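Colleague: Hi! Could you walk me through how this one packs together?
Modeller: Happy to, let's have a look.

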Amino acid sequence: MKDLLFDNNLLITFQRWFWRITFIYFLINTLILTFNRSLAGEITFWGIILLLLGTLIKLIIFIINFQKIKLYRFSILSYLLIFILASTVILKYWIL
Amino acid sequence: MDIILYILCGLSAGLLAGYLGLGGGIVMVPYLTIVTGLDFKTAVPVSVSAIMVNSLAASNEYLKKGMVDIEMVIVLSLFMVIGNITGSNLSQVIPSDFIRLVFTVLLIYTALSLLKDKKKSEQISFSDNRMKMFFITVVISFFTGILAGLLGIGGGVILVPVLYLVVGLPLTTARGTSSLMVGFSAAAAAAVYFLNGMIDYMVVAPVITGVVIGGKLGGYLGTIAKPKVVKIIFVCVMLYLAFKLGYEPLMEIL
């Protein structure tokens with residue numbers, strides 16, 4: 001089982017910090033919401049983009065780890081997942 | 001005043017979900033619809049955004065203990081994400097009342113499954129069927145994705161039993177694997193809702209704040225005490241939410 005060699009530490013560290021950052025981000029956002037709704041709306045907009053970028057980084061961490069332990073099939077699947085997510089955005093935003 | 005209500009709503013949904021070990025969507029969507037009076041189709045995108053954040057903390061706990069099957073995460077997430085994109089796009093054409101009814105059925109199923117004796121079911125061990133059951137698991141993941149995107153849930157409520165009973169993963173690994181998968185599928189749904197301009201920016205931030213605090217508190221409460229009475233109260237709350245959510249659309253049909 002090669003996946004036992006998968007190094008979880010990088011993913012754990014990233015997720016821990018990313019969780020803290022997003023929590024603080026949305027907490028501040030909520031405070032801003034009490035006195036400036038339009039600014040808060042703008043911040044939330046970027047917050048959602050931040051969350052989506054976080055998912056992308058998680059997938060990149062997967063690819064790095066799979067390549068490190070030579071599980072190339074799974075790194076290709078991770079690329080495919082990025083491709084599906086990215087194509088949804090591209091199709092919706094630039095084509096449809 | 002609305003902001004406090006949204007925070008409290010997120011807090012109680014997070015508390016309940018964290019205590020019971022659920023993703024949050026199954027509680028968040030009916031809470032937002034019933035308590036704050038948000039439209040169902042507004043509550044769903046808010047819920048998937050909050051699930052993305054919740055999955056980070058939940059999956060990390062399992063990753064630390066090595067209770068996540070990474071290979072399963074990648075393979076099944078692929079199909080779940082495709083299903084999720086389909087589901088969140090379908091939500092624009094399917095009537096709100098129909099989605100509410102489907103959600104009601106899922107709530108009742110979740111409430112009843114919580115009543116099962118977990119200790120008894122944890123003792124059962126299955127053989128690893130990942131190759132034998134590959135096709136079935138992939139198909140179920142796809143349809144779970146559709147349901148998750150449509151209803152604004154993570155999908156753990158379906159995934160965990162599938163990974164445990166069909167694939168044959170140990171129950172804790174099934175939960176860990178599902179918690180990481182849920183993050184990817186919620187991201188796919190959130191992306192679709194975001195691009196369709198369906199996310200209410202005034203609601204997302206306070207709900208996420210509440211859900212995160214509530215989730216942590218609920219997780220802590222779950223580790224110190226799990227009295228059966230509290231569980232039964234939670235089940236009653238879920239059945240009440242199911243009734244409130246499903247009554248109106250059901251009466252319209254009848």
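Modeller: One term to start with: a nonpolar core is a set of buried Ala, Val, Leu, Ile, Met, Phe, Trp, Tyr and Cys residues joined through side-chain atoms within 4.5 Å. Keep in mind that this is a predicted model.
Colleague: Okay! Which residues touch the most other members of the largest nonpolar core?
Modeller: Those are Phe62(A), Leu32(B) and Phe103(B), in a core of 109 residues. Helix H9 (residues 171-195) of chain B gives the largest share of this core, with 14 residues.
Colleague: And is there a second core, and what does it include?
Modeller: A separate core of 5 residues includes Ile32(A), Leu33(A), Ala40(A) and Ile3(B).
Colleague: Back to Phe103(B): what does it touch?
Modeller: Leaving out residues up to four places away in sequence, Phe103(B) touches Gly25(B), Ile26(B), Val29(B), Pro30(B), Phe40(B), Leu151(B), Ile153(B) and Leu245(B).
Colleague: How do the axes of H2(B) and H5(B) cross?
Modeller: They come within 11 Å and cross at roughly 130 degrees, so the two helices are oblique to each other. H2(B) passes H5(B) in a left-handed crossing. Phe103(B) is one of the H5(B) residues making the contact, and Val29(B) is among those from H2(B).
Colleague: New topic: is the crossing of H4(B) and H7(B) left-handed or right-handed?
Modeller: Right-handed. The axes of H4(B) and H7(B) come within 6 Å and cross at roughly 35 degrees.
Colleague: How many charged residues does that contact have?
Modeller: The contact of H4(B) with H7(B) has no charged residues, but 12 nonpolar and 10 polar ones.

How values were computed:
Residues are numbered from 1 along each chain as its sequence is written. Chains are lettered from A and ligands numbered from 1 in the order in which they are written. This is a predicted model: local features need pLDDT of at least 70, side-chain atom pairs count only at pLDDT 80 or more; totals for chains, interfaces and linings use all residues. Side-chain values use heavy atoms; hydrogens and water are left out. Axes are lines fitted to C-alpha atoms, for helices over the stretch in contact, and angles run from 0 to 180 degrees between N-to-C directions. Helices (H or I, at least four residues) and strands (E, at least two) are DSSP runs, numbered from the N terminus. Angles under 35 degrees count as roughly parallel, over 145 as roughly antiparallel, 65 to 115 as roughly perpendicular and the rest as oblique. A crossing is left-handed if the near helix is turned anticlockwise from the far one by less than a right angle, and right-handed if clockwise. Contact means heavy atoms within 4.5 Å. Buried means under 20% relative accessible area, exposed over 50%, partly exposed in between (1.4 Å probe, protein chains only). Ala, Val, Leu, Ile, Met, Phe, Trp, Tyr, Cys and Pro count as nonpolar, Asp, Glu, Lys and Arg as charged, and the others, Gly among them, as polar.
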